[in-house]
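Hi everyone, thanks for making time this morning. I'd like to walk you through one fold, so please have a look at the picture while I talk.

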Amino acid sequence: MNLAEMIARGEGETLEFKQKTTHVHRISRTLASLANTRGGHVLVGVDDAGRVVGVRDAEEELFVLRDAATHHVEPPLTDLRFREVEADGRTVLVVTVPESLNKPHRAQVAPGDWRGYVRVRDQSVQTSRLTEQVLERQAPAAEPLFERIPLDRHELAAIEYAKTHPRLTLPQFMKLVNFGKRRAYQTLIKLVLHGYLRYHDKEKEPYYTI
């Protein structure tokens, strides 16, 4: 697949656009999430709207990417592949991130703070310990990583609410089941990962639907 075809697909579970890699901790989250899920590509020099803006210094971008993969992801990602592609007189760096055989990977988000991430739609989403346990048991496969699982009453409550309302937000779910923010968020993301809910973040407040 050439660059134009990749951009035309738009961002998703296996594709991320980055105008530039200015922050090593941010790119480490993206790399870890792709490796933890189904692998994919990062296009550096493409903005969020899919416009080719190019990179000013490909070597500098490569340095940041390699630094993120080896020093800010644990275990390190050592099998990334890089290629430079010219488009409209601009250089785009195509980064290939294979699905990892050594899951789960955690990204450093601050000094001493390492967190796991997976890819949900076009977002890098922080994992719970339950998700990391699933990752530890999974090998790369052509099929979706997570399968449907039995649900408890709180998870069923989220699904029933989403069936009867246009959307379900995190505050609504917290109130519905009397959970704190962290527990409620982890429950909703679990439902997204296992295919029960859809995650949307294109508006001011993220929400979930069936």
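This is a predicted model: local features need pLDDT of at least 70, side-chain atom pairs count only at pLDDT 80 or more; totals for chains, interfaces and linings use all residues.

The secondary structure of the protein comes to seven helices and 10 strands. Its radius of gyration is 18 Å, close to the 17 Å that the globule rule gives for 210 residues, so the protein is as compact as a globular protein of that length. If you draw a box around the C-alpha atoms along the principal axes, you get roughly 55 × 35 × 35 Å. Buried residues make up 50% of the 210. As for the surface, the protein exposes about 11,300 Å², with carbon and sulfur atoms supplying 47% of that. And if you take the contacts with a separation of 6 or more, 63% of them join residues 24 or more positions apart.

In which order do the strands of the mixed sheet run? The order is 1-2-5-4, in an open sheet of four strands. At its edges you find strand 1, residues 15-18, and strand 4, residues 81-87, each pairing on one side only. From one strand to the next, the twist averages 20°. Inside this sheet, strand 2 (residues 40-44) and strand 5 (residues 90-97) run antiparallel and share five bridges. If you want a landmark there, find G40, whose bridge partner in strand 5 is V97.

Helix 2, residues 24-36, touches strand 1, strand 2 and strand 5, and its direction makes about 155° with that of strand 2. Helix 3, residues 58-71, touches strand 2, strand 4 and strand 5, at about 150° to the direction of strand 4.

How do helix 2 and helix 3 pack against each other? Their axes are 9 Å apart, at an angle of about 65°, and the crossing is right-handed. On the helix 2 side, the contact involves V24, I27, S28 and L31. Facing them from helix 3 are V64, L65, D67, A68 and A69.

Let me go through the pairs in turn. Strand 3 and strand 6 are joined by two bridges, and E74 stands opposite R106 in strand 6. Strand 6 and strand 7 run antiparallel with four bridges between them. Their hairpin has two residues between the strands, and G112 takes a positive phi near 80° there. Moving on, strand 7 (residues 113-120) is joined to strand 8 by another set of four bridges, with V120 opposite Q123.

Last stop: some backbone details. Which peptide bonds are cis? One runs from E74 to P75, with omega near -10°, and P75 is found in the loop between strand 3 and strand 4. Another runs from K103 to P104, with omega near -5°, and P104 has its place in the loop between strand 5 and strand 6.

D88 has a phi of about 55° and is found in the loop between strand 4 and strand 5. Is D88 buried or exposed? Its relative accessibility is 67%, so D88 counts as exposed. N178 has a phi near 60°, in the loop between helix 6 (170-177) and helix 7 (181-193). N178 is exposed too, with a relative accessible area of 70%.

That's my tour, and I'm glad to go back to any part of it with you.

Terms used
Residues are numbered from 1 along each chain as its sequence is written. Side-chain values use heavy atoms; hydrogens and water are left out. Two strands pair if DSSP finds at least two bridges between them. Axes are lines fitted to C-alpha atoms, for helices over the stretch in contact, and angles run from 0 to 180 degrees between N-to-C directions. Contact means heavy atoms within 4.5 Å. The radius of gyration is taken over C-alpha atoms; the globule rule is 2.2 Å times the number of residues to the power 0.38. Buried means under 20% relative accessible area, exposed over 50%, partly exposed in between (1.4 Å probe, protein chains only). Accessible areas come from the Shrake-Rupley method with a 1.4 Å probe; for residues, only the protein chains shown count as cover. A crossing is left-handed if the near helix is turned anticlockwise from the far one by less than a right angle, and right-handed if clockwise.
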